[in-house]
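Hello,

Here is the structure I promised to pass on. Have a look at it first, and my notes follow below.

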Amino acid sequence: MSYLLYRGTRLENNITTLILEAQGGNTVAFHKLVSYHDERVMTLALQLTRDKQDAEDLYQEVFMKAYKAIGSFRLESQFFTWLYRIMVNSFYNLQRKAFRIHQQESLDPEIDSTHDIADDSIPSAANEEIQDAVTNALNQLPIQQKTAFVMKHYEGLKIREIATIMNLSDGTVKRYLFRAIEKLRPMLQEYRYA
């Protein structure tokens, strides 16, 4: 369940206690924090990467970075917002790394850059063609637009939450979402009534 649903409740107090204990070096407390948030972090990782292995790598990286940086977490924001910010920054780094590798492969004629990648991170849908079209369309968006779109339409986060996670203004997030929809609409036009 969402941490937001428990604001001001015993769970929020428990999470605050766990954060303070984890900051004091209690690894059991940190593992409990992970268990409260791991499902949402993995879901977002899958939605951003659209690849199970990449999502698992991203998930691990997020919690490793969180573990190393837990001492710097100030209780001024919600813990999941902090985790999502780590996720977004890690995802951007993954994308930049993948782009550099792709650039090197395209410059090297010895490397066969054709891949047959099975996207098993997306649950099987009644119409796989539509699902593939959506995945391909999302992958064509600039990274900031894709990230904002996934958090809004797959995670159900509010504009303010997305802005906090991405360290942007509300207006910038709204522009990213508007532009993403404008770009996705023609790419998915043929599936509109499917």
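Of the 194 residues in the chain, 37% count as buried, where buried means under 20% relative accessible area, exposed over 50% and partly exposed in between, with a 1.4 Å probe and protein chains only. The chain exposes about 12000 Å², and carbon and sulfur atoms supply 50% of that; the areas come from the Shrake-Rupley method with a 1.4 Å probe, and for residues only the protein chains shown count as cover.

Please keep in mind that this is a predicted model, in which local features need pLDDT of at least 70 and side-chain atom pairs count only at pLDDT 80 or more, while totals for chains, interfaces and linings use all residues. Residues are numbered from 1 along each chain as its sequence is written, and side-chain values use heavy atoms, with hydrogens and water left out.

The chain has eight helices and zero strands. Helices (H or I, at least four residues) and strands (E, at least two) are DSSP runs, numbered from the N terminus. Among contacts (heavy atoms within 4.5 Å) between residues at least 6 apart in sequence, 63% join residues at least 24 apart.

Now to the helix packing. The axes of α2 (residues 27-49) and α6 (residues 143-153) come within 10 Å and cross at roughly 135 degrees. Axes here are lines fitted to C-alpha atoms, for helices over the stretch in contact, and angles run from 0 to 180 degrees between N-to-C directions. The pair is therefore oblique: angles under 35 degrees count as roughly parallel, over 145 as roughly antiparallel, 65 to 115 as roughly perpendicular and the rest as oblique. Leu44, Gln47 and Leu48 of α2 make the contact with Lys146, Thr147, Val150 and Met151 of α6.

On α6 there is a further partner, α7 (residues 159-166), which packs against α6 at an angle of about 140 degrees, with the axes 10 Å apart. α6 and α7 are therefore oblique to each other as well. From α6, Gln144, Thr147, Ala148, Met151 and Lys152 meet Ile159, Ile162, Ile165 and Met166 of α7.

Ile181 counts as partly exposed because its relative accessibility is 30%. Leaving aside neighbours within four places in sequence, Ile181 is in contact with Phe149 and His153. The C-alpha atoms of Ile181 and Gln145 are separated by 9.1 Å, although these residues are 36 apart along the chain.

Best wishes
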